[in-house]
Amino acid sequence: MSTEPIPGIRPRDLLPTALRVSPQLRRGLLLTGGLALLGGAGRVIAPLTVQHAIDAGLTPGAVGPAVAVGSAAVLVAWVASMLLNRRLHARVEEALAALRRAGLRRFHEMAAGAADRVPTADATARLTADADQVTTFLQGGGIQFLTGAAQLLVATAVMLAYSPLLATPVLVLAALSFGVMLVLQRVIARRYDRARRDLSAMQAAVTEAVLGAPVIRATGTGAWARAKLDAAVDRARDGLVRTLAPLHANTSLGELAISTMTVAVLLGGVWWALTGDPGRPRLTAGQVVAMVFLVGFFVRPLQFLVQSLGEAQNALTGLRRALELATAPSTDAEGRDALPGGPVGVDVEHVSARYGDGPLVLRDVTVRIEPGEHVAVVGRTGSGKSTFAKLLTRRLDPAVGAIRLGGVPLQRLSAASLAGRVVIVPQDPFLFDGTIGQNIRLGSPAATDHDAVRILHELGLAGWLATLPGGLLTPAGLRGERLSVGERQLVALARTALADPDLVVLDEATSGLDPATDVAVQHALAALTRGRTIVSIAHRMNTAVAADRVLVFAAGRLVQSGNHAQLVARPGPYADLVAAWTGAHP
Ligand SMILES: Nc1ncnc2c1ncn2[C@@H]1O[C@H](COP(=O)(O)OP(=O)(O)OP(=O)(O)O)[C@@H](O)[C@H]1O
């Protein structure tokens, strides 16, 4: 039950997963590799032409062609790098776009319960800032990373061809330092991973501090809020600082290896050249000069690779986090069965529930809700009403027991068969930035404005529609902020009615609606509930009185069940609640 909603990806699975999620990366991979090799080889040809010119005695007949070949090679390298740059940038951006699309799609396909456990800022960061790290790396020298690696390969091959004995100490030193760097790289990866999580948490803290600013100003709790934010900022800073020590160790180690290699080749090359027969050195002067050049061509990309390992690691961490979201388990992977047609009956059998690893907040609840029945769920605050509603809509899975909808275990139902058939209407519904009409039409993909007007009439909301300045074209604003809570509820009720669901789980608004909106909401609710199975989390007595049956929760247990008249007649939690409600609204 406490499995991670977004499982990690092992380093060795990173590339195959990236290629699977973003197949664009595969396209023209051979050509891209070829261009990188051409770019690297073009640069390495220059020292070979110098060697020829020197060994030919630096005669005009030898220097001329050498300069021509060298220049042509440099030109080819330049063109190849330019083409490589263009290709790689375009492919990677296409791949990232696919990754973002796949990530968002998967987030929408995730089981509601799992998605609820992913902090909003974390999901957002994975699709934005984390994926951006790859672009940042590419723009900040990532392409040179690739041409550098190709140049390193070509330089190694040529050095080995020239003098295996001289190339050996260079390669041994390079292999040794790479071994140590790999270990350091693992440490860096772990620390970057941690740092990115802390950055995500900081983003969440900043969002909270900005969104909560009106409350903070009104309550004068600025110092408390800033202290909370400061702690998150400090953690993010410390996380980033912790990556510096291994990063610096890595760079210094690279510098040390590089200087040692240059000295080894220079000394070794001269010694090797001199120890041949007199007049017939084992290495010609041209070869020694070319070797020194080649070490430069070997060393410079190596140095660059080492220095940009940190950024590469950061980009890989960003890529991995985005990929993890894009490959998180979806509900469809679990559920294959369809919900039978018509009003849905609900069977809750010995269900207990908890959040994460916390204590049980709902214990051994057993109840059957008949198809078409209207049930009101009541109880004091914290008694478990919302938890019960979350269980019915799979935003939480039972720790113990089973729930069946229409006779089918909830976890066997596919997300597609639940969409539009089982709908939750929260207290403060979410509206998209668009018109009221567009928000209502979301209930049914094929619906027209005509359908939206019809449904508003059916719900008795024609009068409300007439009061809207732009009718259906009235803008709702970002998250519906241009409408009141009551109006948002009316739009959500119309959207729900248009979806024509068979089971509606309704979280009644607790916030005070103005009397006119309140009446409109009550009428709309009465119209919506006809002929459907309804589970209302009731915060007002009228809802409980009107329901076919009332379920009373207390301290996580279902303690009473019956209609209003039966329950109010006997002493107990329901009678106490009714007394409290009547006391509050005499
Ligand atoms: N996301 C959560 N994580 C951990 N505990 C939670 C979470 N949501 C609710 N709880 C705990 O579960 C218990 C039941 O909460 P629940 O929201 O179901 O109560 P409720 O009856 O709906 O209350 P209210 O009328 O105030 O909405 C409470 O003790 C609450 O603290």
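**Group meeting: a predicted model and its central sheet**

Of the contacts in the protein with a separation of 6 or more, 81% are between residues 24 or more positions apart; two residues are in contact if their C-beta atoms, placed from the backbone, lie within 7 Å. The model is a predicted one, in which local features need pLDDT of at least 70 and side-chain atom pairs count only at pLDDT 80 or more, while totals for chains, interfaces and linings use all residues. Residues are numbered from 1 along each chain as its sequence is written.

The protein holds 21 helices and ten strands. These are DSSP runs numbered from the N terminus, with helices (H or I) of at least four residues and strands (E) of at least two. Of the 586 residues, 38% are buried. A residue counts as buried if 20 or more other C-beta atoms lie within 10 Å of its own, as exposed if 12 or fewer do, and as partly exposed in between.

Six strands form an open sheet in the order 6-7-8-3-9-10, and the pairing is mixed; two strands pair if DSSP finds at least two bridges between them. Strand 6 (422-425) and strand 10 (557-562) are at the edges with a single partner strand each, so one side of each has no neighbour in the sheet. On average, neighbouring strands of this sheet are turned by 20° against each other, direction ignored.

Strand 3 (residues 374-379) pairs with strand 9 (residues 549-554) in the parallel sense over five bridges, and Gly-379 has Phe-553 as its bridge partner in strand 9. Helix 12 (residues 385-392) packs on the sheet and touches strands 3, 6, 7 (503-507), 8 (533-537) and 9. The direction of helix 12 makes about 150° with that of strand 8; such angles run from 0 to 180 degrees between N-to-C directions, with axes as lines fitted to C-alpha atoms, for helices over the stretch in contact. Helix 17 (residues 485-499) also packs on the sheet, touching strand 6 and strand 7, and its direction makes about 175° with that of strand 6.

How many of the eight residues of helix 12 are buried? Seven are, so helix 12 is largely enclosed by the rest of the structure. Among them are Lys-385, Phe-388 and Lys-390. Just after helix 12, Arg-394 takes a positive phi of about 65°.

Strand 7 is mostly covered, with five of its five residues buried. Leu-503, Val-505 and Asp-507 lie on one side, and Val-504 and Leu-506 on the other. In a regular strand the side chains alternate between the two faces of the sheet. Strand 7 runs parallel to strand 6, joined by four bridges, and Val-422 stands opposite Leu-503. Strand 7 also pairs with strand 8 in the parallel sense over five bridges, where Ser-536 is the bridge partner of Leu-506.

Next, the cores. A nonpolar core is a set of buried Ala, Val, Leu, Ile, Met, Phe, Trp, Tyr and Cys residues joined through C-beta atoms within 7 Å. The largest has 68 residues, and Val-377, Leu-493 and Ala-494 have the most contacts inside it. Helix 17 supplies the largest share of this core, eight residues. Not counting residues up to four places away in sequence, Ala-494 touches several residues, including Ile-440, Ala-452 and Leu-461. A second, separate core of 62 residues includes Ala-41, Ala-77, Ile-258 and Leu-325.
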